[in-house]
Amino acid sequence: MILLEPSQGIKKITKLDYKLLGSLLTSILEYNHKKKIYLNVKIHKSREPGTSYCHQKTKRNFVVGLDTSNTKKKYLISSLLHEIRHCIQFNIFGYWNHLVHFKNWKEYYYSKEEIDARKMERLTTEVIKIYDSSTKLNETFKSLELGRMK
């Protein structure tokens with residue numbers, strides 16, 4: 001299970017349903033990796049403008065600093081997918097990119113862990129479609145009062 005725990009500031013700025021997003025990502029990633037994934041990701045506002053980052057606390061606990069300079073849904077979810085991929089790189093594959101020190105930006109950009117994380121960003125459009133459809137479905141369910149029988 002991927003548990004996304006945003007700070008109050010992140011909730012206010014992004015206006016995303018992190019419980020729903022975590023549930024969707026759990027379904028997609030567990031199905032495709034064919035194994036259970038247990039991640040607890042706390043999301044805070046990045047202290048470095050224009051940069052999102054991920055810090056490992058334990059094998060399953062991570063802190064993501066999310067860049068909020070652009071509040072478009074596509075940018076935010078793309079950034080989250082990128083950082084969550086770094087969490088998965090460690091959790092599933094035992095590879096943590098922060099152990100590597102790069103000599104320059106080019107070496108960092110073309111490193112295998114960054115290429116892999118940027119591949120994860122390619123799922124952004126599909127994840128947004130599923131997220132929006134699920135949000136609409138939940139709203140319709142509530143408006144039809146299907147949670148109880150009258």
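Are Phe62 and Phe90 buried or exposed? I looked them up, and both are buried (under 20% relative accessible area with a 1.4 Å probe, protein chains only; exposed is over 50%, partly exposed in between).

Ground rules first: this is a predicted model, where local features need pLDDT of at least 70, side-chain atom pairs count only at pLDDT 80 or more, and totals for chains, interfaces and linings use all residues. Residues are numbered from 1 along each chain as its sequence is written, and side-chain values use heavy atoms, leaving out hydrogens and water.

Next I searched the whole structure for aromatic pairs and got 3 (ring centres within 6.5 Å, taking the six-membered ring for Trp; planes under 30 degrees apart are stacked, over 60 edge-to-face, the rest tilted). Phe62 and Phe90 have ring centres 6.5 Å apart and planes at 75°, so I noted the pair as edge-to-face. It joins distant parts of the chain, with Phe62 in strand β4 (residues 61-66) and Phe90 in helix α3, 28 residues apart (helices are DSSP runs of H or I, at least four residues, and strands runs of E, at least two, numbered from the N terminus).

Tyr109 and Tyr110 are edge-to-face too, because their planes stand at 85°, with centres 5.0 Å apart. Tyr109 is partly exposed, at 30% relative accessibility, and Tyr110 counts as exposed at 53%. I found Tyr110 in the loop between α4 (105-109) and α5 (112-121).
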